[in-house]
Amino acid sequence: MKEKIEKIKRKFNKDLQDYIKSSLLDSLYLEYLGKKGIVNNLLSQIPNLLDEDKKIVGPKINELKVFIEKEINKARAVFEKQKDLEWVDFTTPGNKVKTGHYHPTTLIIRELNNFFRYYGYSVAKGPEIETDEYNFEKLNLPKDHPARDLQDSLYIKEPDILLRTHSSSVETRVMTSTKPPIRIVVPGKCYRNESTNKSNSAVFYQYEGLAIDKNINMTNLKFTLEEMARFLYGKDVKTRFRCKYYPQVEPGVGLDIKCTFCEGSGCSVCKYRGFIELLGAGMVHPKALESCGINHKVYSGFAFGIGLDRIVITKFNIPDIRYLYSGIMVYV
Amino acid sequence: MKLPLIWLKDCIDTKKGPKEISDIYTSIGHMLDEPIKNDVLSLEVRQNRPDCLSIIGLARELSAVTGDSINEPQIAKPLKRISQKNYLDVRNSSKINRFITLHIKIKVGASPENIVKRLELYKIPSINNIVDLTNFVMVEQGQPMHVFDISKVHGRKLIIRQAEVEEKFTTLLGTSINLNEKDIVIADDEKILGLAGVIGGNSSKAIKESAEFIVEAANYNQASIRQSSRRHSIRTEASTRLEKYLSPKLPEIAVQRFIQLLYDNNIDFEILGYEDYSKGLNNINIKFNSKELKRIGGVDIDNEKILKILSRLNFGTEKEGDGLYNIKVPYYRTDIECEEDIIEEILRINGYENIPSNAINLSPPLKEITSKEYILENAIRDSLVKLGFDEHITEPLIGSTKNPNEIILENPFNKDKDALRTEIFQTLKQVIRTYKKNKREDVKIFEVGKYYLKEKNSYLEYSAVTAVVEGNYTFKDLKGYMENLLKDLNITRYEIKPKGSKGYVMQKELCLGKIKRNNFTLYISALTKALKSSQKYVETDVRNEIIEDITIEVPLKTYIGPIISNIKSISELVYSVDLIDELEKKYLKAVTFRITYKNPAKSITDKDVSPIKQKISRLVTSFS
C-alpha cells in the first residue's frame, strides 16, 4: 500500500506538469480528489487493511490529499497570475519620462562641426572680452572705419576693451599664434549694442570658418560654401554667389540661398528678394594676413561667417529669436 | 539708394529691363533690397562705394558689365578763384578736405519741368530753381550741396569751425540740438547756419526773391560727419553720402555741373565769386600682376579680357611686362587701394557665377587643434542631457549687483543689462521662473558658458557648467547628478569641503567647483586638470563580497561625507560605503551605512574583515 501511495504521488507530479501545460487543472483535481477520484479510491480501501497498517496508511493518504490540494492551488495561482500578465493594454498612453534636451543652437553647432571636421577643420575658441586690436585693428578695420559704427559695440573700457562683435576675433588670434596651414571653425557668442527684439538679440551666435594655405583661392571658397549650404538645406538648395563688401576680406562674397517658401518668386519671408542671405565670406584681406604675421604673397585663405540664430530658428520652427537666449524657452 | 530707371537711362543707353538690370546690380555688389515699384529700384549699395549713391555712379557700374555707352552729363568749364571779397573762412582745417563756395546772383523762380519730374521720382519735393538744381546734382553726381541766402549771412562770410561745447542750434526741421566741440558747423560771425555735412538751419530755409547766394559743396572727414549724424540722430541725404569716403574732387565737378544746368535751363545768372579750399588730390596707381588673379581668384581670364573689363571700369592701364600692369584708378573710386581690390573688380564684372567650385587639396591632413576644454564641454552636455537635464543658453548680461568684482559696461543699451554675470546661476534664474510659470515641477536645467570677473585691472572670463534642480528634486538628487556627471568624466577622487551655505568640490588642493542647496557649478579648466585617462571596465562579482550594515546615531547637523571617507580610509578592502537610511529624531539622527568589503585580487573571508570591522566600530562610536 505504501508503495502504491508513493507511486500515485510520482504520477501526480508528472500529471501536474502536463496539466499545467494544457491548463486543465480542474480535470486534474477531479481525477485525484473528486468523489470517484484516485484519493477517495485509496480511502475506500482502508477498511480492508490490517489495524496496524490502518494507523500508518491513514495519515499517509491524508498527507497525500493535502499535498495534492496544495500543489494544485499553487499551480492555479501561478496560472491565474500568468493569465493576467498576458493581457496588456497596448493602447494605454505611456508614462511621462523626464528626458534631457540639448539647446537647439548646440545641435546646429554640432552638425556643422561634424561637417567641417570631415574636411579637416579643428574647432577654435577665443575670449569674448576682446581687445580693439584683435576685434578690429588686425581685421583691416582701423579706427574711424564706418564698419565699426555698424558693429555697435558694447564697451568695457573704451576704446580698447569690448565684448567681441564677431567671431572673426578668434581668426586673428589663431592667425597670430599658428603657422599656416590653418583650418578652423569657430562657433561662439558675440555681442551688439542693441536691446533684444523679435529679430535681433544683444547676444548672438556666429559660426566662423577660416582656411589658410598656399594656393587657396575663391574656387575653394565657393566649393566649401556650396557644400555647406547643401549640408544644411539639402542637396537641391539653390545658391547665389555674389560680390559683397566686408572690410576684412577682399574679394568679398555674399552667399544667398533661393527662398524655399516662394521658390524665388518673392514673399514676405525673403522680403520679396527671392533669395535669403545666408552668410558673408571672402578671401582674407592682405592687410589682415600681414597684421597677423602671415606673408600674403605666399599664403592666401578664405574666411566666412554665418549668423547661426536665424538658421536655428528656421530649422526648429522657433517663433522668434528671443526664445533662444532670453530664458523663455521650455522643452516639451 | 533709390534708382529711377528713367533717370538712369538719361546717363546710359541701355535696352535692359528692370529685372535684368537689378540682377546685374545684385551680382556685382549692390543688392536689390525691395521689390521693384514703378520702375524704381532700391539698391543696397556697397558700403565702400559712396560714388554709387548717385545716378551716374550706378550707370558706370551697369556699363562695366553690359558695355552700354555712358552719356556723361555735361559740365561747365573749370572755374578759377574769382572774388572781390573773401567769402570763406575755414578755421578747422583738420576735418575739412575740400570746401568750394560759389557766389552767384540768380533770379529765383519755379524749376524747369524736367528737373521737377526727376526729383519727384526720387521723392524730393520741388522748392525753387536754385535749391532743386543743387538737389538734382546731389542725386545725379552724389555730391551734396547747400545754398545760403547771402542777405541772411551776417558779415557776408561763411566760417567753417568746430562748435563750442553746449552751443545750441535749431535745424530747419525746427529741432533744437546741443552741439559740442566734435561737431563742425558752418556759421557766420554771429550764428550757426548749418551742421556741416548733416543739416541746414532755419536761416537757410525759405529762399524767396533774394538774388545773391552762396552755393557750397564740400568734403569733410567722413568719421566726423558720421559721428555728428549719429550723436544727434539726424540722417539726411547729405549725411548718408558725406559720412562715407567720397572723392574730394567731387565738389568741383558738382559746381561745374550746377553751372551747366543753369545754362541748359536758360536761367539767368551771374557768377560773383568762386573760392576753393583744398588739401589737394591723390592720384592712385596700383601694380597689378595677372598671375595674382589666378592665385587668389582661381580662374583663368585672359589678358585681353582683363584689359576690356578694366577699361570699361575707366581704369587706365599701362603695360609694364608680361601680365604686369600699372593701373590708374579713376578719381571717384576711393575704395580701390591694393592689388586685391583690382582682382575683385575683374572677378565681379566677369561674374561671380563664372567662378568654378573646387575642393581644397586635403593632403596632408592638418593637426587637430581643438582644445581639451571644448571637448570636455561637449562631454558635460552629453552627460547632463543623459541625466535628464535641459540645456539652456542665457544672455550673460545682468543689472549690476554692485559686486566690486563685476565687469561693468561703459555703454549699456539698457540699465537692467549693464554688467556681465559673475555666476552663470544669475541668468539661469529667469529659466527657473519660466518653468514655474509653465507649471513644470521637474526643473532640471544647466548651462555651459562663461562668467566674468574683474580682478585688479584685468577683465577675466572663465568657462563653467552650472546645473540647477527645483520642484520635485531634493538636494540628494542634485548631489547624485553631480556625482554621476563626475563619474562620466572619469573624475572619482574628490571630496566635499563644506563652508557656510555651500560645499567645495576639492581634489586635493584643486577646487573643481561648488555645490549649493539647489545647484552646482564645476569649473572647466579645473576639470581638464583632474581628467584621467579613459574609464576602465570594473568586474562586479557579488559572490565575492561581504556586506554589512551598521547604524549609528549622530547629532542632527553632522556632516555625513567625512564619516564615509573616514570609513573608506580604514582599509583598502572597504570597497564602498553607501548611506542607505537616515532617520531624524528629536536631537539625533540614525544613519545606516552599508559597507561592502571586497578584495579585487582574491576571495574575501570573515577573517579578513573582522579586524576592519572592529576599527570601524571604534571609529563610528567617536562620531556618536
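Two strands count as paired if DSSP finds at least two bridges between them. Strands (E, at least two residues) and helices (H or I, at least four) are DSSP runs, numbered from the N terminus. Before clicking, note that this is a predicted model: local features need pLDDT of at least 70, side-chain atom pairs count only at pLDDT 80 or more, and totals for chains, interfaces and linings use all residues. Residues are numbered from 1 along each chain as its sequence is written, while chains are lettered from A and ligands numbered from 1 in the order in which they are written.

**Stop 1: hairpins in chain B.** Strand S23 (495-499) runs antiparallel to strand S24 (502-507), and five bridges join them. Zoom in on B:Ile496, which stands opposite B:Val505 in S24(B). Two residues sit between these strands, and in this hairpin B:Gly500 has a positive phi near 60°. Now extend your selection to strand S25 (residues 510-515) of chain B, which pairs with S24(B) in the antiparallel sense, again over five bridges. Here B:Gln507 faces B:Leu510 in S25(B). This hairpin has two residues between its strands, and B:Lys508 takes a positive phi near 50°.

**Stop 2: chain A as a whole.** Chain A has twelve helices and ten strands.

**Stop 3: the sheet in chain A.** Switch to cartoon and follow the open sheet of seven strands, S1-S5-S6-S10-S9-S8-S7 (chain A), with mixed pairing. At its edges are S1 (122-123) and S7 (239-243) of chain A, each pairing on one side only. S7(A) is antiparallel to strand S8 (residues 249-258) of chain A, over five bridges. Look for A:Cys243 opposite A:Val253 in S8(A).

Stop 4: Select A:Ala281. Which residues does A:Ala281 touch? Leaving out residues up to four places away in sequence, its contacts (C-beta atoms, placed from the backbone, within 7 Å) include A:Val253, A:Leu255, A:Phe302 and A:Phe304. A:Ala281 is among the residues with the most contacts inside the largest nonpolar core, which has 204 residues, and so are A:Phe302 and B:Phe213. Such a core is a set of buried Ala, Val, Leu, Ile, Met, Phe, Trp, Tyr and Cys residues joined through C-beta atoms within 7 Å.

**Stop 5: where the chains meet.** Show both chains again. Their contact takes 65 residues from chain A and 78 from chain B. Helix H9 (residues 218-233) gives the most to chain A's side, with six residues.

Finish at B:Glu391, in strand S18 (residues 390-391) of chain B. Is B:Glu391 buried or exposed? B:Glu391 counts as buried because it has 23 C-beta neighbours inside 10 Å (buried means 20 or more other C-beta atoms within 10 Å, exposed 12 or fewer, partly exposed in between, with C-beta atoms placed from the backbone). Among the residues B:Glu391 touches are A:His101, A:Tyr102 and B:Phe446. B:Glu447 is 56 residues away in sequence, yet 5.7 Å from B:Glu391, C-alpha to C-alpha.

Terms used
Two residues are in contact if their C-beta atoms, placed from the backbone, lie within 7 Å.
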